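This briefing is for a reader who is new to the structure shown below. It goes from the whole chain to single residues.

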Amino acid sequence: GLLMLLAARAACAARAPALIVGVERRAELAEIAEATLAANRHHFAPSVRFRVVCAEASQLRAEAPPAGPTGPAESAATATPAPLPRRADVVVSEVFGDDPLAEGAIATLGHARDQLLANGGALIPNGLTILGALAVIDTVDDMRPRCWGAPGSTARPRSGCPGCVLH
């Protein structure tokens, strides 16, 4: 819901009509997004419409719009996502937890780029940098957490620290 509200704010600032589609994997999160949007609907122009989809992002597809007039998209959490009316001008993704390779982020963003994004559209984020460092661990004991004293301290690790849950 939060990213949808930010997108709606951007659409209003640009005085642009928008269909903002949010995707949540879990039904309870889709319901929370619906409630958040309903509580904030009065802040946005009628030309800004919302749709919450309860599905895996990889299930979404975009189709050409049907011939003839269409009514406004209703905001509804759905179990089987209907195709999007067209490819998106902007796809904003929040699929990163503490492990950017988890949650299928690379495949999800690839699907969004290939199946959902219009030519010339923006994919946000559009890149990922992973930094790593090598470490040498001589024994399993070297892998146990140790208390290094107070934050910012240069003290050496101590065993049996009062109140320390690590030793």
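The accessible surface of the protein comes to about 11700 Å², and 57% of that surface belongs to carbon and sulfur atoms; such areas come from the Shrake-Rupley method with a 1.4 Å probe, and for residues only the protein chains shown count as cover. The model is predicted: local features need pLDDT of at least 70, side-chain atom pairs count only at pLDDT 80 or more, and totals for chains, interfaces and linings use all residues. Residues are numbered from 1 along each chain as its sequence is written, and side-chain values use heavy atoms, with hydrogens and water left out.

**Overall build**
- The protein has three helices and four strands, where helices (H or I, at least four residues) and strands (E, at least two) are DSSP runs numbered from the N terminus.
- Along the sequence these elements follow the pattern α-β-α-β-β-α-β.
- Buried residues (under 20% relative accessible area; exposed is over 50%, partly exposed in between, with a 1.4 Å probe and protein chains only) make up 23% of the 167 residues.
- Of the contacts (heavy atoms within 4.5 Å) between residues at least 6 apart in sequence, 64% join residues at least 24 apart.

**Helix α2**
- Glu31 lies in helix α2, residues 27-40, and counts as exposed because its relative accessibility is 53%.
- Between Glu31 and Val52, 21 residues apart in sequence, the C-alpha to C-alpha distance is 8.6 Å.

**Backbone details**
- Arg15 sits in the loop between α1 (2-13) and β1 (18-24).
- Its relative accessibility is 76%, so Arg15 counts as exposed.
- The phi of Arg15 is positive, near 55°.
- The peptide bond from Ile124 to Pro125 is cis, with omega near -5°, and Pro125 belongs to the segment after β4 (117-124).
- Most residues other than glycine have a negative phi, and most peptide bonds are trans.
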